[in-house]
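Me: I have a structure open and would like to learn how to read its features one by one. Could you take me through it?

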Amino acid sequence: TTEWPSYSPDLNLIENVWAVLKMKVNSKATTNMAELESRIEDIWYNDPTVKRAVVRAYESMPRRISLCIKAKGGYIKY
């Protein structure tokens, strides 16, 4: 069996997507929670930059896994 680290940030794809989403959300001020929720939802479902970030993150997984295996679960530059 292969031993995996309990947490590998290099394999956590959502962090890259969150960064893009956060940048987009913060580019325009919101005045209340409902407006913020609506903005996040609109960006998540309709913004092409976020969609590209999700696709790129997904497509990078085989390489990330390979590098993580080579590093025996250690840090990889990703």
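Reply: Happy to; we will go from the overall fold to single residues and pairs. Keep in mind that this is a predicted model.

Me: Let's start with the fold. How many helices and strands does the secondary structure of the chain come to?

Reply: The secondary structure consists of three helices and zero strands. Following the sequence, you read the pattern α-α-α. Helix α1 covers residues 14-26, helix α2 covers residues 33-46, and helix α3 covers residues 48-70.

Me: And what share of the contacts comes from residues 24 or more positions apart?

Reply: Here the idea is to look at contacts with a sequence separation of 6 or more; residues 24 or more positions apart account for 54% of these.

Me: Next, surface and burial. What percentage of the residues count as buried?

Reply: The general idea is a cut-off: a residue is buried if its relative accessible area is under 20%, exposed if over 50%, and partly exposed in between. In this chain of 78 residues, 24% count as buried. The accessible surface of the chain is about 6100 Å², and 56% of that belongs to carbon and sulfur atoms.

Me: Let me try the cut-off on one residue. Is Cys68 buried or exposed?

Reply: Cys68 has a relative accessible area of 1%, so it is buried. Cys68 is in helix α3.

Me: Which side chain does Arg64 join through a polar contact?

Reply: The partner is Ser60, with a polar contact of 2.7 Å between the two side chains. Ser60 belongs to helix α3 as well. With a relative accessible area of 9%, Ser60 is buried. From Ser60 you can look across to Leu11, 49 residues away in sequence and 9.5 Å away in space, C-alpha to C-alpha.

Me: Now charged pairs. How many salt bridges does a search of the whole structure find?

Reply: The search finds one salt bridge. It is formed by Asp47 and Lys24, with 3.5 Å between the closest N and O atoms.

Me: Are the two partners buried or partly exposed?

Reply: One of each. Asp47 is buried, at a relative accessible area of 14%, whereas Lys24, at 23% relative accessibility, counts as partly exposed.

Me: How do I describe a pair of aromatic rings?

Reply: You give the distance of the centres and the angle of the planes. The count here is one aromatic pair. Trp18 and Trp44 form it, at 6.1 Å centre to centre and 40° between the planes, which is a tilted arrangement. This pair, too, links distant parts of the chain: Trp18 in helix α1 and Trp44 in helix α2 are 26 residues apart.

Me: How accessible are Trp18 and Trp44?

Reply: Trp18 is partly exposed with a relative accessible area of 43%, and Trp44 is partly exposed with 30%.

Me: Which residues form the nonpolar patch on the surface?

Reply: The patch is made of Trp18, Trp44, Tyr45 and Val54, with about 410 Å² of accessible area together. Tyr45 lies in helix α2 and counts as exposed, because its relative accessibility is 54%.

Note on methods
Residues are numbered from 1 along each chain as its sequence is written. This is a predicted model: local features need pLDDT of at least 70, side-chain atom pairs count only at pLDDT 80 or more; totals for chains, interfaces and linings use all residues. Side-chain values use heavy atoms; hydrogens and water are left out. Patches are made of residues with over 30% relative accessible area and no salt bridge: like charges are joined within 9 Å, nonpolar side chains (Val, Leu, Ile, Met, Phe, Trp, Tyr) within 5 Å. Accessible areas come from the Shrake-Rupley method with a 1.4 Å probe; for residues, only the protein chains shown count as cover. A salt bridge is a side-chain nitrogen of Lys or Arg within 4 Å of a carboxyl oxygen of Asp or Glu. Helices (H or I, at least four residues) and strands (E, at least two) are DSSP runs, numbered from the N terminus. Buried means under 20% relative accessible area, exposed over 50%, partly exposed in between (1.4 Å probe, protein chains only). A polar contact is a pair of N or O atoms within 3.5 Å; within protein, one must be able to donate a hydrogen and the other to accept it, and residues adjacent in sequence count only if both atoms are side-chain atoms. Rings of Phe, Tyr and Trp (its six-membered ring) pair if their centres lie within 6.5 Å; planes under 30 degrees apart count as stacked, over 60 as edge-to-face and the rest as tilted. Contact means heavy atoms within 4.5 Å.
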